[in-house]
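Subject: Structure handover

Hello,

I am passing a structure on to you, with notes on pockets, cores and aromatic rings. Please read them with the model open.

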Amino acid sequence: LEVVDAAFEVESPNPAFYADLVAGLKAFAAAPPNLWLPTVLHLRMLQALGLLPAEDSCQECEKPFAGPFYFSSLKGASLCKACLNDRRGAVLTQSWQVPYLKMITEATLEECLRLAPPEPQISPFFGWTRNILDGVVHKRIRSYEFLAQVGLG
């Protein structure tokens, strides 16, 4: 909720994300603690904000990605290594993340929660979404520190 409060303007309601948030909070209450649920909610939030990285081609040179690519929060775009002039605020996107990015745009929240990546990939994926949101929010999110203290961050 702290991230949602920092990312969205009160004057700009987003009914689609609100529905996801309500469903996500219900899932938080019903499930054992894990990082996949906040990762999915972060990705759905990025989608609602229009900042979910494009996963198929560079948004500058339009060449298809043939492996890892970068998401630049400075440019708000997915870029190939050749087009990434400034690495500040850039987050490396691994090839294994692409199917999950596509799923976020096409599936329901419940489907996304059922189709989690293997456990060792969840923590880096959560960190990836955090890095992108940090470029959007520009505010210290204390909840992340709490997650780290309880072994989930």
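The largest pocket in this predicted model holds about 430 Å³ of space. It is lined by 21 residues, and those closest to the pocket centre are L1, F28, P38, H42 and L147. By class, the lining has 17 nonpolar residues, three polar and one charged.

The second largest pocket has about 160 Å³ of space. Its lining is made up of V4, F8, E9, V10, S12, P13, N14, F17, Y18 and L21. Helix 2 supplies the largest share, with three residues. Seven of the lining residues are nonpolar, two are polar and one is charged.

In soluble globular proteins, nonpolar side chains tend to be buried together. The largest nonpolar core here has 35 residues, and W36, L43, M45, W128 and Y144 touch the most other members. At least two residues of this core come from each of helix 1, helix 2, helix 3, helix 4 (98-106), helix 5 (109-114), helix 6 (119-137) and helix 7. There is also a second, separate core of 10 residues, with F69, Y70, L79 and V98 among them.

Neighbours within four places in sequence aside, W128 contacts L43, P53, V91, L92, T93, Q97 and L101.

Last, the aromatic rings. Across the whole structure there are nine aromatic pairs. One of them joins W96 and Y100, which are edge-to-face, at 6.4 Å centre to centre with 75 degrees between the planes. W96 counts as partly exposed because its relative accessibility is 25%, whereas Y100, at 16%, is buried. The cut-off for buried is under 20%.

Y100 also pairs with F125: the ring centres are 6.2 Å apart and the planes lie at 70 degrees, so this pair is edge-to-face. Because Y100 belongs to helix 4 and F125 to helix 6, the pair ties together parts that are 25 residues apart in sequence. Y100 and F125 are both buried.

Which residues form one aromatic cluster? They are W36, W96, Y100, F125 and W128. Two residues of that cluster, W36 and W128, were named above for their contacts in the largest nonpolar core.

Regards

Notes. Residues are numbered from 1 along each chain as its sequence is written. This is a predicted model: local features need pLDDT of at least 70, side-chain atom pairs count only at pLDDT 80 or more; totals for chains, interfaces and linings use all residues. Side-chain values use heavy atoms; hydrogens and water are left out. On a 1 Å grid over the protein atoms alone, a cavity is a set of points where a 1.4 Å probe fits but cannot get out, and a pocket is an open set with protein on both sides within 12 Å along at least five of seven lines; lining residues have an atom within 4 Å of a point. Grid points are joined across faces, edges and corners, and a volume is the space filled by probe spheres set on the points. Ala, Val, Leu, Ile, Met, Phe, Trp, Tyr, Cys and Pro count as nonpolar, Asp, Glu, Lys and Arg as charged, and the others, Gly among them, as polar. Helices (H or I, at least four residues) and strands (E, at least two) are DSSP runs, numbered from the N terminus. A nonpolar core is a set of buried Ala, Val, Leu, Ile, Met, Phe, Trp, Tyr and Cys residues joined through side-chain atoms within 4.5 Å. Buried means under 20% relative accessible area, exposed over 50%, partly exposed in between (1.4 Å probe, protein chains only). Contact means heavy atoms within 4.5 Å. Rings of Phe, Tyr and Trp (its six-membered ring) pair if their centres lie within 6.5 Å; planes under 30 degrees apart count as stacked, over 60 as edge-to-face and the rest as tilted.
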